[in-house]
Amino acid sequence: MRARVIHTFTYRYSAPVLLGPHRFCLKPRGHGFQRLLDFQLAITPEPGRLYPLVAASGDEILRARFSGATDAFLVRASSLVETETAPLLRACLEDNEPLLPYPVGHLNGDLAGSLEGWLPNGQHDPAAVDMAQEALMGSDQRALMFLQQLVEMIQDRVKYTQRHVGPAWPAGRTLKERVGSCRDLAMLMVEACRCVGLPARFVSGYHLVEPKPERYDLHAWAEVYLPGAGWRGFDPSGMGVVDDRYITLATSSKPELTAAITGSFSGPSGVESALDWSIEADIQEPAVVLDPV
């Protein structure tokens, strides 16, 4: 699939403010099963300094610093991206499908951050542990069956709903509420996978669904590292294994590090801000349907 995506943010302030440092995760991934053919970022007011850097995840993010006061802040990211269908997982793993729980000592040390639990001491959420154990019992300890079972369990127990404000909920809250946004379901899957030794991380990006909705939104899903197949995407609020209609913007072991824009402003007491945003997508080539796992 080839698609042009235009993502626009318009912030307005009730009085002139000073913009603090900002961080942008709006540049799509340019490697793996995704190629970035063109990227343009327009920012008003123009930053005094704008520089790219490579995050710990390998994604390229942008940082900006500003000078002077403004009562409006506009950001427009235009990306031309080409995606391809990933090889079938069964073909990649052949007769070497990982058995679970996977021994942590057998993994590359670089993956350690994608195995830690959500709790401050690094332990896993008990609710996620229980769900992972249940999925494990029905999978004959095979990784692909475990992932399929896990997606089905999440979809059966948690009703998907949109929630535009606030961070991703921890696994226990999502299961208790029995409702959650795409980022809540993604973190539930991430936490459950880590419980059985599968490194997992949070992904922010676009899902260009068909038929085209009235309004596109940012989407979130999980990437799981499978020894022998590498990082592969799974969407517990969608159809499970991701296909070529997903465009990755940013990944991290911590969801807050994938926010499209983070930053601050300072102004007179009582100043208020308002945000309008839009995502436009023009799909230039038809998507290729991905076979089941």
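In this predicted model, five strands form an open sheet in the order S11-S10-S9-S8-S12, and their pairing is antiparallel. The edges are held by strand S11 (240-241) and strand S12 (246-252), each of which has a single partner strand, so one side of each is left without a neighbour in the sheet.

Helix H3 touches strand S9 (218-226), strand S10 (230-235) and S11, and its direction makes about 155° with that of S9. Helix H5 touches S8, S9 and S10, and the direction of H5 makes about 10° with that of S9.

From these helices the reader can turn to helix H2 (residues 126-137), whose 12 residues reach 17 Å from the first C-alpha to the last, close to the 16 Å expected at 1.5 Å a residue. Within H2, Ala128, Met131, Ala132, Ala135 and Leu136 are buried; seen down the axis of H2, the buried residues fall within an arc of 140°, so they line one face of the helix. Those buried residues pack against helix H3 (143-157), helix H4 (171-177) and helix H5 (182-195), whereas Pro126, Asp130 and Met137, on the other side of H2, are exposed.

The N-terminal end of H2 is capped by Asp125, which places a side-chain oxygen 2.9 Å from the backbone nitrogen of Ala127.

Terms used. Residues numbered from 1 in each chain as written. Predicted model: local features only at pLDDT ≥ 70, side-chain atom pairs only at ≥ 80, totals over all residues. Heavy atoms only, no water. Helix = DSSP H or I, 4+ residues; strand = E, 2+ residues; numbered from the N terminus. Expected span 1.5 Å × (residues − 1). Buried < 20%, exposed > 50% of the residue type's maximum accessible area, 1.4 Å probe, protein only. Arc of directions from axis to C-beta. Contact = heavy atoms within 4.5 Å. Polar contact = N/O pair within 3.5 Å; in protein donor to acceptor, adjacent residues only side chain to side chain. Pairing = 2+ DSSP bridges. Axes fitted to C-alpha atoms, helices over the stretch in contact; angles between N-to-C directions.
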